[in-house]
Amino acid sequence: MEPPHSGVELARKIFNFLKEWGIDRKIFSLTLDNASANDSMQSILKEHLSLQNSLLCRGEFFHVRCCAHILNLIVQEGLKVASGALNKIRESIKYVKASEARMVSFNECVAQVGGIDTGMGLRLDVSTRWNSTYVMLESAIKYRRAFGSLSLFDKNFKNCPSNEEWMRAEKMKDFLLPFNVFTNLFSGSSYPTSNMYFMQIWKIECLLIENLGVDDLVIQDMATRMKEKFDKYWSDYSVILAIAIVLDPRMKFDALKFCYSKLHPINWEQKLENIKTKLYTLFAQYETRDDGASSSSVAVPPTPLPSTTPLSSINSKDAYWDYIDYVCQTESPVGKSELDKYLEEPKLKPKFHEKLDVLGHWRDHQNEFPSLSKMACDILSIPITTVASESAFSIGSRVLSKYRCSLLPNNVQALICTRNWLHGYNFEDDGDDNDNSTSIELKNSKQDSNDWPSFSSLIYFIGSPTSSKGKRNREDT
């Protein structure tokens with residue numbers, strides 16, 4: 001996108017795309033990071049979509065903040081407290097990895113002190129991704145004694161952390177371990193449904209509150225700073241994603257009751273009632289929308305059998321549907337909505353449904369809850385993070401090496417899209433070529449970048465014919 005990248009221009013660009021793709025009246029929510037331009041963009045875009053009367057509840061649930069970005073901001077705020085120890089560890093790793101000779105010396109120190117698991121090498125962090133800082137701490141602590149040995153032999157190594165700083169680093173690592181687990185959940189490639197959000201954020205707040213009163217002043221200061229940042233973005237969590245956990249048949253309102261009563265023993269009932277009011281208001285709009293769609297349908301309902309029809313003239317199919325109507329009338333209490341019936345049903349036992357496919361569950365019950373299942377699928381499909389998308393787009397760096405940086409944008413897009421189209425298929429060589437590569441297997445999204453087809457393979461697939469068996473040969477090339 002050409003500059004300026006202001007909120008007004010971003011909103012105009014996205015709205016034009018939504019119109020072009022024909023989905024401008026189908027938008028439920030927008031997940032964004034915390035850039036100031038994004039905040040103004042979503043506000044302007046919401047006004048545009050509201051003028052079309054296409055947003056539910058007047059766009060109350062339109063803006064969803066990226067959980068991974070907020071978590072990154074929270075932990076980065078805490079890491080500022082221990083910046084001294086962190087900087088020493090970071091500089092120590094930089095010093096060792098700066099030259100081959102230093103690496104050799106460091107490996108000799110590792111062998112001399114002995115007992116170090118070398119399975120994890122030294123890792124250097126990326127300052128903008130806090131979880132890489134956690135990995136750096138984890139790796140450096142394993143080599144703590146080796147760094148001490150290196151400082152005795154190499155007088156140029158002046159950044160070795162003291163024993164006190166190493167102890168502080170270990171406490172930080174233990175404190176940050178749960179946050180690393182949450183970050184991996186939010187930014188993983190498995191795209192967790194939004195019902196995974198609420199309990200994780202609740203657990204983060206519990207951890208912060210627990211560490212506000214610990215004896216270690218550094219950890220206490222970290223927890224205090226992180227709690228302030230937490231309250232700035234997540235003081236009320238997110239209503240729409242709190243609703244998501246209610247639509248998990250293992251949780252319902254009991255999960256919210258449990259979480260709110262632990263953290264807010266005084267006013268948890270008020271918070272719970274607020275979520276319930278929002279839930280029923282949203283569901284009412286889905287019911288109204290579905291009722292309007294059914295009333296505009298041209299389908300003619302079946303004509304009921306006259307009361308004087310003899311029993312002998314009723315075939316088995318009519319009898320079956322008569323029975324279905326009878327069951328629906330006797331089992332459906334008058335005045336109770338789909339949402340009422342769902343909430344009154346017994347919950348699924350979590351210990352027997354630990355890996356429940358929540359979207360699959362609602363797909364299987366769409367006949368029983370037609371309107372509620374649509375709402376559940378819309379809410380459960382809300383992306384709770386944008387990080388996975390960023391990872392997908394970062395494959396551009398693997399296409400645009402220093403030898404291919406003159407490619408036109410359209411050609412880069414074609415390469416990336418072609419890789420996507422090839423996803424999940426195997427393309428074998430004849431074996432006549434002299435290179436060692438005999439096949440290219442495209443695996444799932446967790447594959448290593450080295451498994452991806454090369455630039456020449458993609459160009460070849462676009463521009464050259466293949467045999468009926470999907471094989472390539474020298475003559476084609």
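This is a predicted model: local features need pLDDT of at least 70, side-chain atom pairs count only at pLDDT 80 or more; totals for chains, interfaces and linings use all residues.
Thr 281 lies in helix α13, which spans residues 268–295, where helices (H or I, at least four residues) and strands (E, at least two) are DSSP runs numbered from the N terminus. With a relative accessibility of 40%, Thr 281 counts as partly exposed, a class that falls between buried (under 20% relative accessible area) and exposed (over 50%), as judged with a 1.4 Å probe and protein chains only.

Residues are numbered from 1 along each chain as its sequence is written, and side-chain values use heavy atoms, with hydrogens and water left out.

**The chain as a whole**

- The secondary structure of the protein chain comes to 21 helices and four strands, and buried residues make up 38% of its 477 residues.
- Among contacts (heavy atoms within 4.5 Å) between residues at least 6 apart in sequence, 71% join residues at least 24 apart.
- The accessible surface of the protein chain, computed by the Shrake-Rupley method with a 1.4 Å probe, comes to about 28,200 Å², and 52% of it belongs to carbon and sulfur atoms.

**Helices α4 and α5**

- The axes of helix α4 (residues 83–97) and helix α5 (residues 100–113) come within 6 Å and cross at roughly 110 degrees; these axes are lines fitted to C-alpha atoms over the stretch in contact, and the angles run from 0 to 180 degrees between N-to-C directions.
- The two helices, α4 and α5, are therefore roughly perpendicular to each other, given that angles under 35 degrees count as roughly parallel, over 145 as roughly antiparallel, 65 to 115 as roughly perpendicular and the rest as oblique.
- On the α4 side the contact is made by Tyr 95, Val 96 and Lys 97, and on the α5 side by Arg 102, Met 103 and Phe 106.
- By class, this contact of α4 with α5 has four nonpolar, no polar and two charged residues, where Ala, Val, Leu, Ile, Met, Phe, Trp, Tyr, Cys and Pro count as nonpolar, Asp, Glu, Lys and Arg as charged, and the others, Gly among them, as polar.
- Tyr 95 and Phe 106 also belong to a cluster linked by ring pairs, together with Tyr 143, Phe 147, Phe 157 and Trp 166.

**Aromatic pairs around Tyr 342**

- The structure holds 14 aromatic pairs, in which rings of Phe, Tyr and Trp (its six-membered ring) have centres within 6.5 Å, with planes under 30 degrees apart counted as stacked, over 60 as edge-to-face and the rest as tilted.
- One of these pairs joins Tyr 342 and Phe 369 edge-to-face, at 6.3 Å centre to centre and with 85 degrees between the planes.
- This pair links distant parts of the chain, 27 residues apart, with Tyr 342 in helix α15 (residues 338–344) and Phe 369 in the loop between α16 (358–364) and α17 (370–380).
- The rings of Trp 362 and Phe 369 have centres 6.1 Å apart and planes at 65 degrees, so this pair too is edge-to-face.
- Tyr 342 counts as buried at 2% relative accessibility, Phe 369 counts as buried at 2%, and Trp 362 counts as buried at 1%.
- Leaving aside residues up to four places away in sequence, Tyr 342 touches Val 246, Leu 247, Asp 248, Pro 249, Lys 252, Trp 362, Phe 369 and Leu 372.
- Tyr 342 and Pro 249 are 93 residues apart in sequence, yet 8.5 Å apart in space, C-alpha to C-alpha.

**Helix α11**

- Helix α11 (residues 239–246) is mostly covered, with seven of its eight residues buried; the buried residues are Ile 240, Leu 241, Ala 242, Ile 243, Ala 244, Ile 245 and Val 246.

**Backbone geometry**

- Most residues other than glycine have a negative phi, and most peptide bonds are trans.
- Lys 252, in helix α12 (residues 252–263), has a positive phi near 55 degrees and is buried, with a relative accessible area of 4%.
- Asn 53, in the loop between α2 (36–51) and β2 (63–65), has a positive phi near 60 degrees and counts as exposed at 69% relative accessibility.
- The peptide bond from Pro 3 to Pro 4 is cis, with omega near 10 degrees, and Pro 4 is found in the segment before α1 (7–21).
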